[in-house]
Each structure stands twice: as structure tokens, then as C-alpha cells.
Amino acid sequence: MNTPSSPATRRLLNQSAICIVGDGAIAKTTALGFAQAGQSVTLLCPPAAAKKADAVEPSWDVRVYALNHTAHGLLSSLKVWGALDAARVAPVDSMVVKGDGDAPGGLGFDSYGARVGTLAWILEGNNLNQALDAALKFAQNVTVVQGRAARLETNTEVAIVHLDNGDAIVSELVVGADGSQSWVRGQCDIGFSYRGYGQRGVVTNFACEKPHHNAAHQWFTGAEGIVALLPLPGRRVSLVWSAPDELADTLRRESAAQLAGRLAAYCAEPLGKLTPLEPELVADFPLALMRPNSIVAPRVALVGDAAHAVHPLSGHGMNLGFGDVAQLIETVNAREAQRGVGDERVLARYARARKEDVLLMQFTTDSLVRLFRTDFEPLRVARNVGMSLLDKLPGLKRRMISHALGRHN
């Protein structure tokens, strides 16, 4: 980051209290949250990509999210949850986790044992983004700008995002909500540690022969990675297979029908035969652990994947992002009257408030990945026995699920 140049040397496009960089659900939610808190907001999005005329839209989006109570509460408070297509949202009432091999037992969670109405909600990325886009159209205090950021400058009073066309956005605070390859983070010279898991998340959707009863299933298979089947409305499920790179390459070369055949070894009993949804669509994305050295810098705060990346085995990457958004808005709203939204002490409070939750989730998911990817026989037996023992300890299970739900009290 550099010191801002003279106002006479730049064009002014927009001025607001907060500039949010990004075009995903986390960026849009941050913009809505701050706007509804009375702040003026500029949302900087990259230019929209043109759609191909012959592109076939899938019947169900292959990217789905398992949202916890923190995310549900935030989206409800912003009047977004009620704008979702409810017919395309599935509650998760139970979760069944199985170890590898033929070992009996496993680990189960349900909403009754957790003393909640539901454990989580599964919804498509398209459904969420459409509701957010609709809310943004009617939001006061929000200006949406399409452009490409080129340079970030700050001083003790403002931050300036320069665009590649010579325009500039002036604000008191810049929020980086621009994903794991965050441009904002890079402009701040915030170092980070990155470790790839040598896995990719392979995703697609199926119709299932048997009703899923709103249950999520997960299998820790050892050599073949982690297989998760999440409930969608009706007799449909969404696959997230955290597969080793070599296997992921094979899965991507195969048809969705062949993929369904592979899954029969795991899910034939609870779900029956799987049938690919039309049109068939399989996608994948790399899996990694990413930890920035800081989630704040002078007049900058990071949220979502710009601030952290975790393995998707827990389904909490998006939930951590919504936790960031809720905490940042709460911290800014609670600041002293003499402090601005980009005040150094305010941002430090945000960073401290998020540290424990993020580190705990990163440690837990990373430890589980390491534990279940080894084929060392004594350890394989011990981890399967450990899951079965944990299943018989309702107090500990309840504390675990309370944290996963986003309820830390």
C-alpha cells in the first residue's frame, strides 16, 4: 500500500464510508449488512462475464452450501432468508458419519439430541445469490460498481481503490471479500501460509431411489478421500467428494452415471440407486488450508475466503465467512463515537474476536484430514473405535454440535 496521490491527479468515481471488493455471497451480504446499519457502501464487482447463447442451465446448481444457525440468523436479519426460493432449500435433521473399511458403528448427530429444530440448511449458490441480488437492487446506501481494481492506497484518513480505467473509489474502510486469491490481501502485503491437500472437491447432484429423510451422510474412506452426500429437496442429494488428485482426475473423465456406480459401495443401503440429474454436470475445485498472517491492515479488513480457507469436510467454509461478516458489522457498530469505521483499534477488535473461532475450525478440519487419510492399520482401527465411543457420549457430542451450529454459549 502506498500513500494516496494528490486529488488533482485522479478521477473520482465514488465516495462512501465502506468499499467492499468482491462479487460472491459474502461480499453481497457484507454490503447489505453495512447498508442496513446506516453506512454508505460501494460494492466493487468485476465486469460480468457474458453467457454463451448455447449454454445449458443445470436443473440444480452443483455448488451447494450447508449453512448453520449463525448464517441463518444473519441472512434472516437482513431479510434475505425469506426471499430465498424455499422449495429449493432442504433442512438437515441428522448427520451420519462412517469410518473406512468394514468396521461397525460410526457417529451420528440429530436435531433432537442437539435440542434445535434443525442442524443446518442446504441451499444452492444460485438460490442464495439471486436473493442477495434482489435485495441489493432495493438497498439504499449501496452503489454497485463494475470494474477492475488496479491499486490500493491508504493514509490516516482514507483508502483509495484505483481502477484500471483511471477512476477511483474513496472510502474510510476497504473490505476484502474477494476470495482465496484476494487482490485486496495482496495489495496489503499480508503474508500467508498455504498448504494444498492434494485433493479436489468433486461435486454433482443425483436423484436417489430411497427418501433421504433430511439426513446428511459422510464416509471417511481413507485412500479414496471423504465422500459426503447432502440432502436436497425431494429425493435428491448433492455430492461433495474430497478426492485425491489422481482419483479426482479419473472421476472427472468419467460420466456422472459411472460416478453414481462408484458411490453405490457407500450409499446403496441408505439411499438406494443414484441417478444423475439432467443435464449431467460435474465440477471440481482444489482443496487447501490457507492462513493469512493477519485479517486486518490499515483501513482494510478481510472476510470469507480472503481471510481463511478450510477443508470442506465440515461444510463450514461459508459459515466462517458469514461469521466474519456478522462480527465485523457488530464491531463497527459498537465503536466509540469518536472512532471512524476504519479506525485501527476497531479493526484490531474485529481480528481478536474472530481469532479463536477460525483457528479452532482450521485445527479441527486439518487434524481430521490428517487422521483419516492414513492407511496405517492400528490407527485406522483406533479412529473407527474412537468415533463409536464418541457416539456414546451425548454431553460431548452436544458441545461439538453446538459449536458447529454457530452457538457458542
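Predicted model: local features only at pLDDT ≥ 70, side-chain atom pairs only at ≥ 80, totals over all residues.
Residues are numbered from 1 along each chain as its sequence is written, and side-chain values use heavy atoms, with hydrogens and water left out.

Lys79 is a residue other than glycine, yet its phi is positive. Lys79 sits in the loop between α2 and β5 (90–92), where helices (H or I, at least four residues) and strands (E, at least two) are DSSP runs numbered from the N terminus. With a relative accessibility of 67%, Lys79 counts as exposed; the term exposed stands for over 50% relative accessible area, buried for under 20%, and partly exposed for what lies in between, with a 1.4 Å probe and protein chains only. A positive phi, of about 55 degrees, is also found at Asp189, which is not a glycine. Asp189 belongs to the loop between α5 (183–187) and β14 (192–208), and Asp189 is exposed, with a relative accessible area of 67%.

Back at the start of α2, a side-chain oxygen of Asn68 comes to within 3.1 Å of the backbone nitrogen of Thr70. Within α2 itself, His69, Ala71, Leu74 and Leu75 are buried.

Two packed helices are described by the angle between their axes and the distance between the axes. For α2 (residues 69–77) and α8 (residues 317–333), the angle is about 50 degrees and the axes are 9 Å apart; the axes are lines fitted to C-alpha atoms, for helices over the stretch in contact, and angles run from 0 to 180 degrees between N-to-C directions. The two helices α2 and α8 are therefore oblique to each other, given that angles under 35 degrees count as roughly parallel, over 145 as roughly antiparallel, 65 to 115 as roughly perpendicular, and the rest as oblique. On the α2 side, Thr70, Ala71, Leu74 and Leu75 meet Asn319, Phe322, Gly323, Val325 and Ala326 of α8, contact being defined by heavy atoms within 4.5 Å. By class, this contact has six nonpolar, three polar and no charged residues, where Ala, Val, Leu, Ile, Met, Phe, Trp, Tyr, Cys and Pro count as nonpolar, Asp, Glu, Lys and Arg as charged, and the others, Gly among them, as polar.

The next stop is strand β12 (residues 168–171), which contains Ser171. Ser171 is buried, with a relative accessible area of 2%, and a polar atom of its side chain lies 3.2 Å from the backbone oxygen of Leu173. Leaving aside neighbours within four places in sequence, Ser171 is in contact with Ser16, Ala17, Ile18, Cys19, Val158 and Ala159.

Gly225 lies in the loop between β15 (215–220) and β16 (226–232) and is buried, at a relative accessible area of 4%. Beyond its neighbours within four places in sequence, Gly225 is in contact with Gln199, Trp219, Phe220, Ser242 and Pro244. The C-alpha atoms of Gly225 and Leu313, 88 residues apart along the chain, are separated by 10.0 Å. In the loop between β18 (274–276) and β19 (283–292) one finds Pro279, which a cis peptide bond with omega of about -10 degrees joins to Glu278.

Key. Polar contact = N/O pair within 3.5 Å; in protein donor to acceptor, adjacent residues only side chain to side chain.
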